[in-house]
Amino acid sequence: MKIIENNKVFMIETKSTHYVMAVDCEGVLNHLYWGKPCKAEDYISTYNGWEKNSNHSARELSKTEYITFGGTVYRTNAFSAKYADGCRETLLTYDSHKITQKDNSLLLEIVLKDEPYNLLVTLCYRIREGYDVIERFVKIKNDSGDLIILNKIASGEFNFPSHRPYTSTNANGSWGAEFRMESTELKNGVLSYESKKGGSGHTNNPFFILSQNADEKQGEVYFGALAWSGNFKVELSRDYSGTTRAVIGVNDFDFSYNLKAGEEFVTPSVFCGYTNGFAEMSNQMNSYAVEYILPVRYAKEPLPVLYNSWEATAFDVSCEGQQALAEIAASIGCELFVMDDGWFGERKNDRAGLGDWYVNEKKFPNGLKPLIDRVKELGMKFGLWFEPEMVNPDSDLFRTHPEWTYHYDTRKASLLRNQLVLNLTRYDVKKYVFSCMDNMLSQYDISYIKWDMNRAFSETGAENLENQQELWYRHIKAVYEIADALKAKYKDLQIECCASGGGRADLGSLSHFDMVWTSDNTDPLDRLEIQHGFSLLYPIKCMRAWVTDTNRRKRPNDLDYRFNVSMQGSLSIGGNLLKYTKEELDIHRKYIGLYKSIRKTVQFGRFYRLADFKRDKIYATQYADDEQSVVFICSNANSFFNDKFIHINLAGLDSEQLYEVKYNDNVIKRSGSFLMNAGLDFEFHGPLNSLIITLKRI
């Protein structure tokens, strides 16, 4: 980092980019540049404060680093507040700054101040050696002596250099169709992506990706991913001058926060960067997440191959039935056995039992110990499903504590999936939720928790809060705190974050949980598109991908195809093993064995999207490290015409090295330069074909 021009120009230097700000003549922090490096002396603040006309002020056109509501600025703001005297405008000017170095990171903190009210807003920028990723967050400190009500507190505002329109990419999905990416050219106005349901949601995702003439290999790409699992908002705008901006953070929908005298509020972090092409963006974020975002205990360990019992048994669980599944799961190579819903309370269906986290004695007369002992004898670890934030009206918990849900006394509670949301902003509820899981973990040898959350919030009354609009924020913080407390007490515990599939598949969850369940949709063809979207900014190892029997679309896909798809993430098994033939179990055994041999490369290697259905009629990905590489190719449909002939150019290899290439029963040797430039040709037969290619450097 460099500070020049009498400490008024701040230049953040990452591995191969510059991010530059300057304090102008009025004391306001302005953005100067973000992109490829320039010379330090080139960065000069150009704001002059001249009025353009009575409808477009100079300040409205300026590229402010963190714009507030008020004055002559009418565009999208990053911050707004109400002071004790009724003033609703904020004016932030430069106060001070400091740089802190720790290990291989640098933290720049620029303090801005609203002088009359002693409100301190500290913009924080952290960089790590070897990366072009900048972590940004904001600290708001109330030194006024009076209450300040925060109405909007974004984690960051961003300005982009080009005056040509950018293309914005984000998800346009739903339950069962998460991460379906769509691109929109932002020519004018405001484009927003958001969630208002209590989680980050299935529809949009808490990130922005802006690009110009970009593909996997080249083109300008700017991105920012918010580490938050609750309501969020991304606002992208382009004004009449051609300036494109982004504001990202906690959603200001039905939100305010009482910042009392002496208190400080810290926003969620947003991880942002500028790269050349989408592959570089994905690989930087994949590696960065493993190093600095994921919980440390398992960040650099490959995730185990798990078996989950849900599709085999649903709610009809028993000790004997689960043991039978576990024996088959172990025989095909699974390393972790997870018993899903149905083991607790009076849980016979989804209408009863949620909240009563004690073992059902009719299903497990001797508790869970006989099942867990058998699972461990078979060489596997044991995991258990919880949905700790929810309660059924038909439960002992709700009958005892109906006041523990979000509610209004004058409104009828809305049921979704026959359940209500527990008010985790209450200390007693938060304590109860922790104690239920703590009791099971202390009583049984449980290595893994699948934490589920299956409905959106409604009737959001929380009479325990002085300001009930804080509940959206405080609930998610409570989720994080419970997960962290469990991990602190049980050092080897792994926790998976599931929210009706990918309803919380974001960097916020991945800061506290070890992996996410990407979607309830396990149809392999659908999953290719879902996994494509997930892979853009989130770590591959955290993407649980199941091989199941589910075939909602009634289209033919064999086990080979299903494994090909699911081996592109953290392989998991979810079918009804009791119904499989010997031949089908042998196929499971073969692919699980293959996956274990390539797992480290898939979960931690460099990642390349070689082809996708929209452009190429096939989907192909490649994972590479210094010793080996693996390529997955999946077709959609083909005919007797040209689209049955497949051509693939590989990536990420050493041009000068020779590689042994294996696929089906073929073994060939080719140079890295040949594989990347000349490529390989294949012929597919039938509507859904797949192929796995492994490469080893000779």
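These notebook entries record what I looked up in the structure.

**Basis.** I worked from a predicted model, in which local features need pLDDT of at least 70, side-chain atom pairs count only at pLDDT 80 or more, and totals for chains, interfaces and linings use all residues. Residues are numbered from 1 along each chain as its sequence is written, and side-chain values use heavy atoms, with hydrogens and water left out.

**Thr460.** I located Thr460 in the loop between strand S26 (448-451) and helix H9 (471-489); helices (H or I, at least four residues) and strands (E, at least two) are DSSP runs numbered from the N terminus. Thr460 is buried, with a relative accessible area of 11%; buried means under 20% by a 1.4 Å probe, protein chains only. I noted its contacts (heavy atoms within 4.5 Å), leaving aside residues up to four places away in sequence: Asp254, Tyr406, Tyr408, Gln468, Leu471 and Trp472.

**Cores.** I then turned to the nonpolar cores, sets of buried Ala, Val, Leu, Ile, Met, Phe, Trp, Tyr and Cys residues joined through side-chain atoms within 4.5 Å. The largest has 126 residues, and Phe337, Met339, Trp343, Ile573 and Leu577 have the most contacts inside it. A second, separate core of 57 residues includes Val23, Leu92, Leu108 and Leu236. In soluble globular proteins, nonpolar side chains tend to be buried together.

**Met339.** I listed what Met339 touches, again not counting residues up to four places away in sequence. Among them are Ser309, Val317, Gln322, Phe364 and Trp385.

Technical notes: Buried means under 20% relative accessible area, exposed over 50%, partly exposed in between (1.4 Å probe, protein chains only).
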